[in-house]
Amino acid sequence: MNLRGVDLNLLVVLKALLEERNTTKAAERLAMSQPAVSRALARLRLLYDDPLLIRTPQGMEPTARAQALLLPLREILHDIEQTFSQPEQLDPGQFEGVLRIGAHTYVEYVMMPSLLAHLQQQAPNLRLHMVPLNADYERQLDEGVISIVINKQDEVPGRFRRIPLFEDKLICAAHRSHPFQGQVLCIESFAKAQHLLVAPRGSEGGIVDDLLAAHGMTRHTPLIVQSFLAAPFILPYAPLLLTSPARVLRPLMPLLGLVEFETRFALPTFEVSLIRHRRDDNHAMLNWFESELHLWCQSQRER
């Protein structure tokens, strides 16, 4: 389509109509007359060759085509508005908002204690709200439920940016009374053992199970829990192996009487990343937060 013949102001009207689902309310929002909005809707219907909004006893309902247009419209118009905006000047010391971060308990335990102290030196009024990360993190970011994600995520869709932060590795541990105490585990012995599995998103499997599957093996998991932090506290009461991030397990091992098992095969490492929406590339607070995360990660490496 040749955009030279298209009035792009119609997109602003279409967005308002899809969000309000009422020509009168859309007109009020746009400071236009109701007949002008109706004429714009008629032009949009011709442009898209689709009714877009259909009158029903419950009000105007969008067609399937219209529903699919809403999210791209929001992003396109937001990006256009950003081109006219002056770069935001931000003093972190004056910021009093809430930053919502999608993450699992791993991030809360490993990062937040020292990171919060680090951030409060620069932004004492900043509030961090840790939001449970569900399987559909893309929708959470798209809809603004969260501003960033901190998670193990190797690939992301093109509308997001993934910024590596730090690495962690998996280790295998159990209570010191475990029958395997003192053994170096081969992959066959590891697979035959009883395991405690952590599934933050509620689904079984993971990088350890992928490793076993590559050798034609599976493991038995009589207990599956949600939290990496809760799992170590179960080991003193059950002869189970737990394969979990070293940054979680090692600080708790002396407290709980746990021992680490050496393995004859390499357990996986993984990378924790920051994930942001590209529409926020010029968001001053998020840019500041990202830079502070990098400083924090550097301080952890230097320890």
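Two strands count as paired if DSSP finds at least two bridges between them. That rule applies to the first view of this predicted model.

**View 1. Strand S9 pairs with S6 and with S7**. Strand S9 covers residues 241-245 and is mostly covered, with 5 of its 5 residues buried. S6 and S9 run antiparallel and are joined by 4 bridges. Ile171 has Ser244 of S9 as its bridge partner. Strand S7, residues 194-198, runs parallel to S9, with 2 bridges between them. Here Leu196 has Leu242 of S9 as its bridge partner.

**View 2. The largest nonpolar core has 61 residues**. Tyr106, Met111, Ile150 and Phe166 touch the most other members. Strand S6, residues 160-175, supplies the largest share of this core, 8 residues. In soluble globular proteins, nonpolar side chains tend to be buried together.

**View 3. Close-up of the contacts of Phe166**. Residues up to four places away in sequence are not counted here.

**View 4. Helices H2 and H3 pack against each other**. H2 spans residues 23-30, and H3 spans residues 34-48. Their axes lie 8 Å apart, at an angle of about 110 degrees. Angles of 65 to 115 degrees count as roughly perpendicular, so H2 and H3 are roughly perpendicular to each other. H2 makes the contact through Thr23, Thr24, Ala26 and Ala27. H3 contributes Gln34, Val37 and Ser38. The residues of this contact divide into 3 nonpolar, 4 polar and no charged.

**View 5. Asp49 and Leu52 in the loop between H3 and S1**. Strand S1 covers 53-56. Asp49 is not a glycine, yet has a positive phi of about 55 degrees. Leu52, also a residue other than glycine, has a positive phi near 65 degrees. Which of these residues is buried, and which is exposed? Exposed means over 50% relative accessible area. Asp49 has a relative accessible area of 70%, so Asp49 is exposed. Buried means under 20%. Leu52 is at 0% relative accessibility and therefore counts as buried.

Conventions:
Residues are numbered from 1 along each chain as its sequence is written. This is a predicted model: local features need pLDDT of at least 70, side-chain atom pairs count only at pLDDT 80 or more; totals for chains, interfaces and linings use all residues. Side-chain values use heavy atoms; hydrogens and water are left out. A nonpolar core is a set of buried Ala, Val, Leu, Ile, Met, Phe, Trp, Tyr and Cys residues joined through side-chain atoms within 4.5 Å. Buried means under 20% relative accessible area, exposed over 50%, partly exposed in between (1.4 Å probe, protein chains only). Contact means heavy atoms within 4.5 Å. Axes are lines fitted to C-alpha atoms, for helices over the stretch in contact, and angles run from 0 to 180 degrees between N-to-C directions. Angles under 35 degrees count as roughly parallel, over 145 as roughly antiparallel, 65 to 115 as roughly perpendicular and the rest as oblique. Ala, Val, Leu, Ile, Met, Phe, Trp, Tyr, Cys and Pro count as nonpolar, Asp, Glu, Lys and Arg as charged, and the others, Gly among them, as polar.
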